[in-house]
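Welcome! Open your viewer, load the model, and let's walk through it one selection at a time.

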Amino acid sequence: MRGGLVASARLLPRPLVRWFLQRRAQQDINENMSGGKKVKIIFVLGGPGSGKGTQCSNIVEHFGFIHLSAGELLRAEINSGSENGTMIDTIIKEGKIVPSEITIKLLQEAIIKGGNDKYIIDGFPRNEENRVVFESVINISPEFVLFFDCSEEEMERRLLGRNQGRSDDNIETIRKRLKVFVESSLPVIEYYESKGMVKKIDATKPAPEVFEDVKAIFTHMA
Ligand SMILES: Nc1ncnc2c1ncn2[C@@H]1O[C@H](COP(=O)(O)OP(=O)(O)O)[C@@H](O)[C@H]1O
Ligand SMILES: Nc1ccn([C@H]2C[C@H](O)[C@@H](COP(=O)(O)OP(=O)(O)O)O2)c(=O)n1
Ligand SMILES: [Mg+2]
C-alpha cells in the first residue's frame, strides 16, 4: 500500500504532493498524533523577562522537546517581509498582542514542520482569544502549563539588560507589555490554575536554580 502510494506520488506534480502531505500532517495534529505517537504540548508562560526563553533552551537540551516561541515566530514573519509584517511590527512595538489567527497559523506550520511529538510553546496563549482559538483550531490540550513567576521590578531590570536589539525592549514598550501581561495574560494562567494544570516556579532566583526546579518537573513526567 505504502509502496503504491509512493509510486503514484512520483507521477504527481510536486506542489500537489506537498499539499497532500501537509493536509495529512494537519489531520495528524488534529487527531493529536505524530508518527503514531500522541502529540504532547506544554505551554510556558510568564511575564516578559521572566526567563521563558532561557529555560526553554535548557529543556530542549535535556529533555528533547522542540521549542516554539510565539514571539520569535512573529519576529521571523516580520523579517521575512510578508504582507502582514508591517502590521505585526507595529503591534509588537506598541506592546500589544497580535491577532490570534496570525500567531496560530505560524504555530500550526511550525508544529507540522517540526514532525516531533513533544513541543514546548513559549509565550502562548497570551490572552483569552489566543487560548480559545488554539483550542478550536489545533484541538490539543496542554499536558500542563509551566508558569514562571517573577516580580515586575526584576522583569523590567532583565529586559533593560537583555541587549538583543529588540524594538520592544525599551522602557516605554516594556511598561506597556507588563500592563498587558497583568490585564490579558494572567487571566489565562488563572483559567488553567482553576483546572489544576499550572506548575508554578519561582523565577526570581538565578537561572541555574530555576532550572533545578524545572528539571524536577520534567524528570517527573518522563
Ligand atoms: N533567572 C534569571 N536571573 C537573571 N537573569 C535572567 C534569568 N533568566 C533569564 N535571565 C536574563 O533575562 C533576560 C530575559 O530572559 P528571557 O529568557 O529572554 O526571558 P523571556 O523569554 O521570558 O522574556 C535575558 O537577558 C536572560 O539572559
Ligand atoms: N502569543 C503571542 C506572543 C507574542 N506576541 C507578541 C507580543 C509580545 O510582546 C511580543 C514578544 O513576545 P516574546 O514572547 O518574544 O516576548 P518575551 O520573551 O516575553 O519578552 O510578541 C503576541 O502578539 N502573541
Ligand atoms: Mg522570550
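**Two domains**

Start by colouring the two domains: the C-alpha centres of domain 1 and domain 2 lie 32 Å apart. To do so, select 1-31 for domain 1 and 37-221 for domain 2, bounds that come from an automatic or database domain assignment. This is a predicted model, in which local features need pLDDT of at least 70 and side-chain atom pairs count only at pLDDT 80 or more, while totals for chains, interfaces and linings use all residues. Residues are numbered from 1 along each chain as its sequence is written, and chains are lettered from A and ligands numbered from 1 in the order in which they are written.

Next, look where the domains meet: 5 residues of domain 1 are in contact with 5 residues of domain 2 (C-beta atoms, placed from the backbone, within 7 Å). On the domain 1 side, 2 of these residues are nonpolar, 3 are polar and none is charged (Ala, Val, Leu, Ile, Met, Phe, Trp, Tyr, Cys and Pro count as nonpolar, Asp, Glu, Lys and Arg as charged, and the others, Gly among them, as polar).

**Ligand 1**

Now select ligand 1, which 14 residues surround (C-beta atom, placed from the backbone, within 6 Å of the molecule). Among the closest are Gly51, Lys52 and Arg158. Highlight helix H3 (52-63) too: H3 gives this shell its largest share, 3 residues.

**Ligand 2**

Finally, move to ligand 2 and its 20 surrounding residues, with Pro48, Ala70, Gly71, Val98 and Gly123 the closest. H3 and helix H4 (70-79) each give two or more residues here, and the largest share, 4 residues, is from H4.

Note on methods: Two residues are in contact if their C-beta atoms, placed from the backbone, lie within 7 Å.
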